Amino acid sequence: MTNRTRAVVVGASMAGLFAAAALADSFDEVTVIERDVLVGPVDRRGVPQGKHLHGLQAGGLRSLSDLFPGFEDDLANAGAVRTDVQSDIHWYLDGCLVKPEPSGLIGYASSRRLLEHIVRTRVRALPRVHIRDGWDVLDLTTTADRRTVTGVRLSRRADGAAATEVRADLVVDASGRASRSPQWVTELGFAAPEVTRVQVDITYVTRQYRREQHHLDGRVGTSVGVFPGSLHGGTLLAMEDNTFMFTAGAVYGQEPPMNDADLPAYVEGFASRDFADFLKTAEQITEPVRTRFPASIRAHYEHLADFPEGYLVVGDAVCSFNPVYGQGMSVAAAEAVLLRDLLRADRARLAERFFAGATEIIDIPWAITVNADLRFPEAGAPPTEEAKQFNAYLRHVYQAASTDADVGAALLRVIQLVDAPDRLLEPTLVERVMRALPGT
Ligand SMILES: Cc1cc2nc3c(=O)[nH]c(=O)nc-3n(C[C@H](O)[C@H](O)[C@H](O)COP(=O)(O)OP(=O)(O)OC[C@H]3O[C@@H](n4cnc5c(N)ncnc54)[C@H](O)[C@@H]3O)c2cc1C
């Protein structure tokens, strides 16, 4: 008989790896089960979105530095590009350029595959964590009364080898947007969470290029956001190995071109000349790849009155955000910090306490995304009166940010999930916004 405690995590993508680091703080053993075979910084089948641009918000970087001390050094050593978010990247929001000035808000630009590899390397180095890759979690095992999860059943991907079981005191589902948790908990006799869905019908098309010194005058990137009446945008960002990644994104059924020859004419419509100028000389090094993303999806686990003991759901499996705002990884990192801190205090009523905390983490980025998305008539669902008023004020903030760098810094700190949106409503800031508007 042993008293050793074990947690199992389903999925070794970002949310699963972050959760494993959090759990290693309180459990004797943590087993992460991933269906893909994991080798180096390469794209993989289980994470099709990984081929597209993945921005890590400054807020997410802070959570990761908390989970993995020295994380910024890991990024820099692996070749991620250190940036001052405001001066090194040009941000066009509703067509207004945020005044580029040094802000001290620091980010790192890298491919998603490299970022995941760096995190995985840190997690693999944790003595209590073991990643079991190439194995598919089939379902949960439970006590006879089906109220407590006791582990998972798995089979080997390569040959479908007969199912084996892994026992656990806690199972954490980090299997992403297609999570089977709603189905699994219903099969145990619990209610499935209600789901909120906001249609966005986005298509991303991504290509990579060789980076040369003169590109963007040496800056790290340019990003042009979509807004009502302008359904096409994109981000060009420098990353490791002297490359640029360019992800073009179009919403509500519009499509960026897959044909390379059509791209220069396509970017002529963008608010910034940077894309057209870049394409004149840039050497393309990858074929275009395309991914479609129909809708943001939020599962309201926090509303469930009854939930299996020994079971949690994290990351995209709880909330999968419109990717345009680059929030998913940062939210997953904040959830992992929450999980670590809750476990340090007490294991009682863990699911209830975790889902209550996670929903607070999700609320702000969800409001940022959904308020922005419901501005589009194509969304087919008008925003609330309150959201309409806030959106009208945000238009003023965007305009003011193009001439007042401090307003720009405050805005970027909100978008980068460092400060709450309330910051933009502080009287001194409102005054600056109004003062900066043309004709005032
Ligand atoms: C096009 C696109 C662009 C994005 N851009 C950004 C961005 O710029 N910034 C940002 O922060 N976020 C972005 N995101 C979101 C980001 O990719 C996710 O939030 C992040 O990967 C965390 O997701 P996750 O780990 O919860 O799930 P996923 O990344 O989907 O990973 C789930 C993992 O579970 C594994 N798995 C699934 N089922 C099983 C099973 N039964 N057994 C074993 N393993 C299983 C899968 O193989 C996979 O490894 C983007 C998303 C999309 C779609």
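Residues are numbered from 1 along each chain as its sequence is written. Because the model is predicted, local features need pLDDT of at least 70 and side-chain atom pairs count only at pLDDT 80 or more, while totals for chains, interfaces and linings use all residues.

Q: Between which domains does the ligand lie, and why?
A: The chain is divided into domain 1 (6–56 + 114–194 + 300–370), domain 2 (197–293) and domain 3 (380–436), with bounds that come from an automatic or database domain assignment. Residues of the shell around the ligand come from both domain 1 and domain 2, so the ligand lies between domain 1 and domain 2.

Q: Which element gives the most to the shell around the ligand?
A: The ligand is surrounded by 37 residues, a residue being near a molecule if its C-beta atom, placed from the backbone, lies within 6 Å of it. Elements are DSSP runs numbered from the N terminus, helices being H or I of at least four residues and strands E of at least two. Among those that supply at least two shell residues are α1 (14–23) and β2 (29–34), but the most, four residues, come from α8.

Q: Which strands stand at the edges of the open sheet?
A: Three strands form this sheet in the order β8-β9-β10 with antiparallel pairing, where two strands pair if DSSP finds at least two bridges between them. Each edge strand has a single partner strand, so one side is left without a neighbour in the sheet, and these strands are β8 and β10.
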